[in-house]
Amino acid sequence: MSYDQLYPHSGVQLNHTAVYASDRYLSAEFIAAILGLKVGAPFGPFLPVDLGNGVTLDYCEKRDEAIQSQHYAFLVPDEQFDAVIAHLEAVGVTYYADPGHTDPGRVNDLFGGRGAYFDDPNGHNMEVMTRPYARPQSMTGL
């Protein structure tokens with residue numbers, strides 16, 4: 001039996017993910033402003049930012065221990081990319097062409113698109129890109 005038969009995935013979609021923050025309002029408002037999105041109404045301990053494809057980032061406060069940096073990548077339309085960079089510049093956030101943050105103030109041209117990386121208020125490594133990464137074919141026969 002193939003991997004695809006054992007684990008059918010055509011109907012599986014990411015619905016939400018929790019994003020830890022020292023201040024959920026600050027972090028949710030930050031990413032919403034940068035990406036041109038809206039912050040939703042609080043839902044229990046979460047403050048959601050709807051990404052428009054049925055997925056939400058659910059910001060949740062974590063104050064009792066350090067927040068581990070995570071990576072979040074956002075696919076944005078070509079026509080929105082310049083606005084994202086302009087928002088970063090307007091609020092004084094440095095963006096980088098690389099995930100290691102060694103090439104400041106520049107964008108990359110990976111996979112025929114444009115991309116950039118930046119930190120959010122909690123040190124999460126955020127990425128915006130206009131083309132998805134080219135990925136190898138999925139594994140079969142597992």
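Strand 2 (residues 46-50) and strand 3 (residues 56-61) run antiparallel and are joined by five bridges, where strands are DSSP runs of E with at least two residues and helices are DSSP runs of H or I with at least four residues, numbered from the N terminus. Two strands are taken to pair if DSSP finds at least two bridges between them. Within this pair, Pro48 stands opposite Asp58 of strand 3. The two strands form a hairpin with five residues between them, and Gly52 in its turn has a positive phi of about 90 degrees.

The model is a predicted one, in which local features need pLDDT of at least 70 and side-chain atom pairs count only at pLDDT 80 or more, while totals for chains, interfaces and linings use all residues. Residues are numbered from 1 along each chain as its sequence is written, and side-chain values use heavy atoms, with hydrogens and water left out.

Strands of a sheet pair through backbone hydrogen bonds, either parallel or antiparallel.

Strand 1 pairs with strand 3 in the parallel sense over six bridges, and Thr17 has Leu57 of strand 3 as its bridge partner.

Strand 5 and strand 6 pair in the antiparallel sense over two bridges, with Phe118 in strand 6 as the bridge partner of Tyr95.

| Strand pair | Sense | Bridges |
|---|---|---|
| Strand 2 and strand 3 | antiparallel | five bridges |
| Strand 1 and strand 3 | parallel | six bridges |
| Strand 5 and strand 6 | antiparallel | two bridges |

**Burial**

Buried residues make up 35% of the 142 residues in the protein, where buried means under 20% relative accessible area, exposed over 50%, and partly exposed in between, with a 1.4 Å probe and protein chains only. In helix 3 (residues 78-90), Phe81, Val84, Ile85 and Leu88 are buried. They cover an arc of only 95 degrees around the axis, which puts them on the same side of helix 3; the arc is that of the directions from the helix axis to the C-beta atoms. Glu79 and Ala90, on the other side of helix 3, are exposed. The cover over the buried residues of helix 3 includes helix 2 (24-35), strand 5 (95-96), strand 6 (115-119) and strand 7 (125-129), with contact meaning heavy atoms within 4.5 Å. Helix 3 is followed by Gly92, whose phi is positive, near 75 degrees.

Lys62 lies in the loop between strand 3 and strand 4, and at 19% relative accessibility Lys62 counts as buried. Not counting residues up to four places away in sequence, Lys62 touches Tyr20, Ala21, Ser22 and Ile67.

**Pocket and cavity**

The largest pocket has a volume of about 410 Å³. Of the 16 residues that line the largest pocket, the closest to its centre are Leu51, Asn53, Ala73, Phe74 and Leu75. On a 1 Å grid over the protein atoms alone, a pocket is an open set of points with protein on both sides within 12 Å along at least five of seven lines, a cavity is a set of points where a 1.4 Å probe fits but cannot get out, and lining residues have an atom within 4 Å of a point. The structure holds one cavity of 30 Å³ or more, and the largest cavity has a volume of about 50 Å³; a volume is the space filled by probe spheres set on the points, which are joined across faces, edges and corners.
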